[in-house]
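Open the model in your viewer and keep the selection tool ready. The stops below say what to select next and what is there.

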Amino acid sequence: MYRKPHLDLLCCFLYSYHMTFNFYNTLGREKQVFKPLREGKVSFYGCGPTVYNYAHIGNLRAYVLHDILVRSLRRAGYDVNHVMNITDVGHLSDDADDGDDKMVKSASERGKTVLEIADFYTKAFFNDTDRMNITRPNVVCKATEHIGEMIALIERIEKNGFTYSSGGNLYFDISKFPSYGELALLQLDELKAGARIEQDENKRNAFDFVLWFTKSKFENQALVWDSPWGRGYPGWHIECSAMSMKYLGENFDIHAGGIDHIPIHHTNEIAQSEAATGKKPWVSYWLHNEFLVINKSKVSKSKGNFLTLQALIDEGHDPLDYRYFLLGGHYRSQIQFSMESLKGAGNARKSLIDKIKSKFSQADIAEAGRLEIGTGIRSAEYTSYIEGFDKAIEDDLNTPRALAELWGLLKDAPASPEALAAVYDMDRVLGLKLEEAVTKSADGVNEKFAREIEELIAKRAEAKKAKDFAAADNIRQTLKDRGIILEDNPAGTTWKLG
Ligand code: AMP
Ligand code: ZN
């Protein structure tokens with residue numbers, strides 16, 4: 001899609017003064033006005049996948065949130081640097097240092113090396129996210145390629161007095177970090193009682209966590225590195241602290257992940273990062289998506305309700321049907337998944353595309369493709385919908401309300417190239433590939449024929465006005481013979497390929 005660059009800049013400029021985002025910050029549990037650390041720039045880190053298996057559809061919900069966030073901020077004119085990690089080492093089956101190493105277990109079950117497994121599932125992950133039109137991050141960083149950064153960060157934490165060695169591992173001592181658990185609203189007595197899990201006897205406090213493993217129950221760990229604490233491998237949490245700070249600086253704007261990450265992973269990331277730098281808050285805004293559930297049970301790799309995007313495709317769904325399905329719920333509400341509701345979303349997406357195709361003429365479509373989207377061209381008939389859409393997105397990324405505004409525009413605003421450009425503008429956030437869907441159907445109809453069709457439609461309208469219904473029907477038939485179907489609706493006559 002060609003867009004004139006200088007006007008794009010203008011549109012960014014205009015939008016950055018129009019939109020004020022309010023994000024629900026888990027840190028503080030309230031909606032807060034978004035103000036980045038550096039004017040016009042947003043630094044964002046979203047926790048990426050552990051690549052030991054395919055992503056399930058619950059995981060993909062998390063990446064749709066990241067995508068909506070990034071798209072909304074970019075549309076508003078921000079220069080967003082989006083960083084995502086790939087976990088290929090150190091993530092145990094329990095986030096709190098318990099259980100097996102997910103990568104090692106998967107590799108041994110499949111008779112492959114850890115790196116082969118990581119490579120295979122990383123590709124599969126991006127294949128899924130691409131199919132769902134999820135924008136790729138600016139930086140994708142693998143844990144195994146950042147061991148040096150992790151060691152350097154652990155050294156800083158150690159130097160500041162927050163660590164101890166026990167049973168061959170290096171631990172983070174939460175009793176040295178008074179604000180531990182702030183994000184998750186963990187209570188001190190809860191921390192002391194340490195009822196979280198069966199306690200690792202090496203730990204001084206139940207909530208202490210491993211920064212570096214050397215000798216432990218995972219003697220069979222395939223990937224090990226030399227470190228000041230012996231040959232071993234990093235704990236899971238340190239990778240996100242080390243890589244986010246490498247690419248975004250010691251303090252950055254937004255961090256996101258699923259709500260399961262609040263009490264352990266993100267809590268530990270904050271503790272170790274702030275212990276290393278002494279600069280608080282490490283991250284200004286924490287956004288967490290709720291779960292996707294099936295029959296009240298969280299979709300997860302271990303719960304036997306593991307559904308992949310491919311499984312939905314195999315059932316005849318388009319990946320964008322699933323995207324549409326997710327946009328129909330607010331990211332902070334649980335969504336109940338079922339094949340029936342996915343089917344409903346698929347039908348709604350199809351009606352959306354049909355509605356656009358029937359509402360707008362080929363001339364509108366051709367003209368809208370040439371128009372600059374988001375330039376602030378405003379027409380009274382659809383301004384309220386674009387404004388409503390912006391308000392919905394500003395209000396903690398309320399996609400269900402944003403979709404309703406899109407539908408409102410399609411139902412009520414008169415057709416014009418500008419109104420269609422407004423639809424495309426909304427789709428810069430929604431990512432439903434609406435322009436592609438609309439223009440694809442016009443393939444095979446060249447501009448000359450499109451003009452001829454429009455002229456015949458006008459002649460037919462005149463004939464109808466003069467009550468010459470035979471002539472009007474004649475025109476309809478002539479076009480039908482050439483593969484064009486006319487549809488009369490209150491706003492006028494539209495056409496589509498038959
Ligand atoms: P993982 O690969 O297990 O680290 O998870 C990747 C992302 O998916 C994380 O942000 C998780 O919080 C998120 N996640 C896991 N299960 C679900 C679920 N059922 N619904 C929504 N998000 C989930
Ligand atoms: Zn993380």
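Colour the protein chain by secondary structure: this predicted model has 18 helices and 18 strands. The protein chain holds 498 residues, and buried residues make up 56% of them. Contacts can also be sorted by distance along the sequence. Among contacts in the protein chain with a separation of 6 or more, 76% are between residues 24 or more positions apart.

**Stop 1: the zinc ion**

Select ligand 2, the zinc ion. Which protein residues are its donors? They are Cys47 through SG, Cys240 through SG and His265 through NE2, at 2.0 to 2.2 Å from the zinc ion. Along the sequence, the spacing of these donor residues reads C-x192-C-x24-H. Cys47 sits in the loop between strand 3 (41–46) and helix 2 (57–75), while Cys240 belongs to helix 7 (residues 236–248), so the pair ties together parts that are 193 residues apart in sequence. Cys47 and Cys240 are both buried; for Cys47 the relative accessible area is 6%.

**Stop 2**

Now select Cys141. How far is its sulfur from the closest cysteine sulfur? The distance is 8.3 Å, to the sulfur of Cys240, which is too far for a bond. Cys141 is also buried, with a relative accessible area of 1%. Across the whole structure, a search finds zero disulfides.

**Stop 3: the largest cavity**

Rolling a probe the size of a water molecule over the atoms shows where empty space is left. In this structure the search finds five cavities of 30 Å³ or more, and the largest cavity holds about 110 Å³ of space. To see its lining, select Arg61, Val64, Leu65, Ile68, Leu326, Leu327, Gly329, His330, Tyr331, Leu397 and Thr399. Helix 2 and helix 10 (319–327) are the elements that give two or more residues to this lining. Helix 2 gives the most, with four residues. By type, the lining has seven nonpolar residues, three polar and one charged.

**Stop 4: along helix 2**

Stay on helix 2 and select Ser72, which is found there. Is Ser72 buried or exposed? Ser72 counts as buried because its relative accessibility is 1%, and the limit for buried is under 20%. Leaving out residues up to four places away in sequence, Ser72 touches Phe21, Ile393, Leu397 and Val429. Leu397 is also one of the residues that line the largest cavity.

**Stop 5: helix 3**

Select helix 3 (residues 102–110), where Lys102, Met103, Val104, Ser106 and Ala107 are buried. An α-helix has 3.6 residues a turn, so residues three or four places apart point the same way. Gly111 follows helix 3 and has a positive phi, near 65 degrees.

**Stop 6: backbone exceptions**

Most residues other than glycine have a negative phi, and most peptide bonds are trans.

- Arg29 is not a glycine, yet its phi is positive, about 50 degrees. Arg29 lies in the loop between strand 1 (22–25) and strand 2 (30–33), and counts as partly exposed at 30% relative accessibility.
- Lys467 is not a glycine either, and has a positive phi of about 60 degrees. Lys467 is in the loop between helix 17 (447–465) and helix 18 (469–481), and is exposed, with a relative accessible area of 63%.
- The peptide bond from Lys280 to Pro281 is cis, with omega near 0 degrees. Pro281 is in the loop between helix 8 (262–277) and strand 13 (283–289).

Key
Residues are numbered from 1 along each chain as its sequence is written. Chains are lettered from A and ligands numbered from 1 in the order in which they are written. This is a predicted model: local features need pLDDT of at least 70, side-chain atom pairs count only at pLDDT 80 or more; totals for chains, interfaces and linings use all residues. Side-chain values use heavy atoms; hydrogens and water are left out. A disulfide is a pair of cysteine sulfur atoms within 2.5 Å. Buried means under 20% relative accessible area, exposed over 50%, partly exposed in between (1.4 Å probe, protein chains only). Donors are N, O and S atoms within 2.8 Å of the metal (3.2 Å for Na, K and Ca); water is not among the atoms, so sites may look incomplete. On a 1 Å grid over the protein atoms alone, a cavity is a set of points where a 1.4 Å probe fits but cannot get out, and a pocket is an open set with protein on both sides within 12 Å along at least five of seven lines; lining residues have an atom within 4 Å of a point. Grid points are joined across faces, edges and corners, and a volume is the space filled by probe spheres set on the points. Ala, Val, Leu, Ile, Met, Phe, Trp, Tyr, Cys and Pro count as nonpolar, Asp, Glu, Lys and Arg as charged, and the others, Gly among them, as polar. Contact means heavy atoms within 4.5 Å.
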